[in-house]
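These are my notebook entries on a structure that I had not looked at before. I wrote down what I looked up, one topic at a time.

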Amino acid sequence: MSPSATAPVDPTPPPSPRPTGGLDGFFKISERGSSVAREIRGGFATFFAMAYIIVLNPIILGSAKDMYGHQLDSGQLVTATVLTAAFSTLLMGVIGNVPIALAAGLGVNTVVALQLAPRMSWPDAMGMVVLAGVVVMLLVATGLRERVMNAVPKSLRKGIAIGIGLFILLIGLVDSGFVSRIPDLAHTTVPLQLGSDGHLNGWPVLIFVLGVLLTLSLIVRKVPGAILISIVAMTGVALIIDAVTDLPATAWGLTVPEWPGNPVASPDFGLIGDVSLFGGFDKVGVLTGILFVFTVLLSCFFDAMGTILGVGDEAKLTDKDGNFPGINKVLFVDGIAVAAGGASSASAGTCFVESTAGVGEGARTGFASIVTGLRGREVPVAMYAVSAVFVFYYAMPALGLT
């Protein structure tokens, strides 16, 4: 037997790479096996994957009326949506140091638009969302939220993340025209059919299929930036097709692929702060008001739980038991996002499962979230968000969050 065969194995793990600079040291980029290039690439990929919320959230909230028949302004909703998403995502990057982006949550905004608003005014409905966010932060401060999450079986945690992913997948299939609802007398949302008439046809569907195939082929070949390359490439193809064909705007679904006349616009902050914390209780009563707050709270609670643990597991940030070290900071930022969404009238903010697009590009730290947060549709909005984040960050010692 050779000496090498009997030599004892050193159980000490290899030392973590030393930080190469202040940025690396603050975000622990090298320590988590990433690089600045990967974080930037991941941040861009996450932004492009979740940018649809800038269009979809104003459509959902702007199409509903409150009990007085008032509707929210679409332009103001875009500003509120972008500002809340930028602020909460930047905050997650600085405080949570995880590659998780946040924005107005799908599902929660529907609850606000279709259940809360018709029973009260818009400021009252958004006040309910703010209260739900405050309760979330209190649950985090007492440690109760983390204990509840740890009590949920690992299989169920994964199931929640998978369910959210399938929901987002269905949205993509519908928006692309790959599937559509079969009209029926009851006007239900099911069953679905291929295309608009049982067949796959039209340029948007072809672009969708080519985009999926391109993404899969690049991922299989392990090309850096596979998701980002596919999104940019198919956007360019859509712009060319729209320019050389006579497709009606309705053929493209929610968004027509055309270059904006002015990509940098002045934001309209008309909805920011237009909120009444307890006005809704006067309209629906204390018991119903509490149930409304609990409904928003429950949706945000489990939505964020599945997303945080799902993204954390994908990014290799969880331990062998599936727990997320340092999760309290992440959960607290999520609570801030819920309250901030209500305060800006953008509905409750929550963690987005599309963050896995950035993780798939190699993102492992909060620096990717910084990149995502700075990619605002309206540059002035992102700048306001940056300022607010660092004011909050330097106030952290007084809040006991260091």
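This is a predicted model: local features need pLDDT of at least 70, side-chain atom pairs count only at pLDDT 80 or more; totals for chains, interfaces and linings use all residues.

Entry 1: I then looked up Phe-278, which is exposed, with a relative accessible area of 53%. The cut-offs explain these two labels, because buried means under 20% relative accessible area and exposed means over 50%. Phe-278 and Phe-281 form an aromatic pair that I noted as tilted, with 6.3 Å from centre to centre and 35° between the planes.

**Entry 2: the chain as a whole.** I next stepped back to the chain, where I found 18 helices and four strands. Of the 402 residues in the chain, 46% are buried.

Entry 3: How many aromatic pairs does the structure hold? I wrote down seven aromatic pairs. One of them is formed by Phe-27 and Phe-367, a tilted pair with 5.6 Å from centre to centre and 55° between the planes. This pair links distant parts of the chain, since Phe-27 is in helix H2 (residues 22-27) and Phe-367 is in helix H16, 340 residues apart. Phe-27 counts as buried at 7% relative accessibility, and Phe-367 is buried too, with a relative accessible area of 13%.

**Entry 4: Ser-369.** I stayed with helix H16 (residues 366-374), where Ser-369 is found. Ser-369 counts as buried at 1% relative accessibility. Leaving out residues up to four places away in sequence, I listed what Ser-369 touches: Thr-89, Gly-93, Val-98, Pro-99, Ile-100 and Ala-101. For Ile-100 I also have a distance, as its backbone nitrogen lies 3.2 Å from a polar atom of the side chain of Ser-369.

**Entry 5: salt bridges.** The structure holds three salt bridges, and I looked up each of them in turn.

Glu-361 forms a salt bridge with Arg-41, and the closest N and O atoms are 3.6 Å apart. Glu-361 lies in the loop between helix H15 (355-360) and H16, while Arg-41 is in helix H3 (residues 36-50), so the pair ties together parts that are 320 residues apart in sequence. Glu-361 is buried, with a relative accessible area of 6%, whereas Arg-41 counts as partly exposed at 23% relative accessibility.

Lys-283 forms a salt bridge with Asp-124, with 2.8 Å between the closest N and O atoms. I noted that this pair links distant parts of the chain, with Lys-283 in helix H12 (residues 279-284) and Asp-124 in helix H7 (residues 122-141), 159 residues apart. Lys-283 counts as partly exposed at 35% relative accessibility, but Asp-124 is buried, with a relative accessible area of 4%.

Asp-334 forms a salt bridge with Arg-145, with the closest N and O atoms 3.2 Å apart. Here too the pair links distant parts of the chain, as Asp-334 is in helix H14 (residues 327-343) and Arg-145 in helix H8, 189 residues apart.

**Entry 6: around Arg-145.** Is Arg-145 buried or exposed? At 1% relative accessibility, Arg-145 counts as buried, and Asp-334 is buried as well. Apart from neighbours within four places in sequence, the residues in contact with Arg-145 include Val-136, Leu-139, Val-140, Cys-300 and Phe-301.

**Entry 7: Asp-242.** I then turned to helix H11 (residues 226-244), in which Asp-242 lies. Asp-242 counts as buried at 18% relative accessibility. Not counting residues up to four places away in sequence, Asp-242 touches Trp-252, Val-256, Pro-257 and Glu-258. From Asp-242 to Trp-252 I noted 10 residues in sequence and 9.2 Å in space, C-alpha to C-alpha.

**Entry 8: a patch on the surface.** Which residues form a nonpolar patch on the surface? I found Trp-203, Leu-206, Leu-210 and Leu-213, which together have about 370 Å² of accessible area. Trp-203 has its place in helix H10 (residues 203-220), and it is partly exposed, with a relative accessible area of 38%.

Note on methods
Residues are numbered from 1 along each chain as its sequence is written. Side-chain values use heavy atoms; hydrogens and water are left out. Helices (H or I, at least four residues) and strands (E, at least two) are DSSP runs, numbered from the N terminus. Buried means under 20% relative accessible area, exposed over 50%, partly exposed in between (1.4 Å probe, protein chains only). Patches are made of residues with over 30% relative accessible area and no salt bridge: like charges are joined within 9 Å, nonpolar side chains (Val, Leu, Ile, Met, Phe, Trp, Tyr) within 5 Å. Accessible areas come from the Shrake-Rupley method with a 1.4 Å probe; for residues, only the protein chains shown count as cover. A salt bridge is a side-chain nitrogen of Lys or Arg within 4 Å of a carboxyl oxygen of Asp or Glu. Contact means heavy atoms within 4.5 Å. A polar contact is a pair of N or O atoms within 3.5 Å; within protein, one must be able to donate a hydrogen and the other to accept it, and residues adjacent in sequence count only if both atoms are side-chain atoms. Rings of Phe, Tyr and Trp (its six-membered ring) pair if their centres lie within 6.5 Å; planes under 30 degrees apart count as stacked, over 60 as edge-to-face and the rest as tilted.
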